Amino acid sequence: MKEQLSDISEDEIKEFYKLVSNNVKKARIDAGMSQLDLALKLGIKSIAFYSNCENLRYNKHFNLEHLYKISKALNVDICEFFK
């Protein structure tokens, strides 16, 4: 019997977002860029929004467009965020 995707727990999804956020943060730090500098480079006017996504506060997380732009800004393969 095939596994149903609806069987994926909320905790598993939270862990996925945590993995992505941690990898984005690591790539940003490795590039020597501050949250403010990266947010401005991405065109995000609110540093608080960027920070909330990177730290998973208030149930905020990066969307695909954010991840694409972050990968370009930091010159890293977008796949690195999912490893």
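Does Glu54 count as buried or exposed? With a relative accessibility of 2%, Glu54 counts as buried. Please bear in mind throughout that this is a predicted model.

**The whole chain**

Begin by displaying the entire protein chain as a cartoon. Four helices and zero strands make up its secondary structure, and from the N terminus the order reads α-α-α-α. Along the principal axes, the C-alpha atoms fill a box of roughly 50 × 25 × 20 Å.

Next, switch to a surface view. The accessible surface of the protein chain amounts to about 6,000 Å², and carbon and sulfur atoms account for 54% of this surface. Of the 83 residues, 30% count as buried. Where contacts link residues at least 6 apart in sequence, 53% of them join residues at least 24 apart.

**The charges**

Now colour the charged side chains. The protein chain carries 13 positive and 12 negative charges, whose mean positions lie 8 Å apart. Side chains of opposite charge can pair when their charged atoms come close. The structure holds five salt bridges, and the following stops visit some of them.

**First stop: helix α1**

Select residues 10–30, which form helix α1. Glu10 counts as exposed at 57% relative accessibility, whereas Lys14 is partly exposed, its relative accessible area being 46%.

**Second stop: from helix α1 to helix α3**

Select Arg28 and Glu54, whose side chains form a salt bridge at 2.8 Å, N to O. Arg28 belongs to helix α1 and Glu54 to helix α3 (residues 47–54), so this pair ties together parts that are 26 residues apart in sequence.

Finally, select Lys83 and Glu80. Their side chains meet in a salt bridge of 2.9 Å, N to O. Lys83 is exposed, with 61% relative accessible area, while Glu80 counts as partly exposed at 39% relative accessibility.

Definitions and conventions
Residues numbered from 1 in each chain as written. Predicted model: local features only at pLDDT ≥ 70, side-chain atom pairs only at ≥ 80, totals over all residues. Heavy atoms only, no water. Helix = DSSP H or I, 4+ residues; strand = E, 2+ residues; numbered from the N terminus. Buried < 20%, exposed > 50% of the residue type's maximum accessible area, 1.4 Å probe, protein only. Contact = heavy atoms within 4.5 Å. Areas by Shrake-Rupley, 256 points an atom, 1.4 Å probe, with all protein chains shown as cover. Lys, Arg positive; Asp, Glu negative; His and termini not counted. Charge placed at Lys NZ, Arg CZ, Asp CG, Glu CD. Salt bridge = Lys/Arg side-chain N within 4 Å of Asp/Glu carboxyl O.
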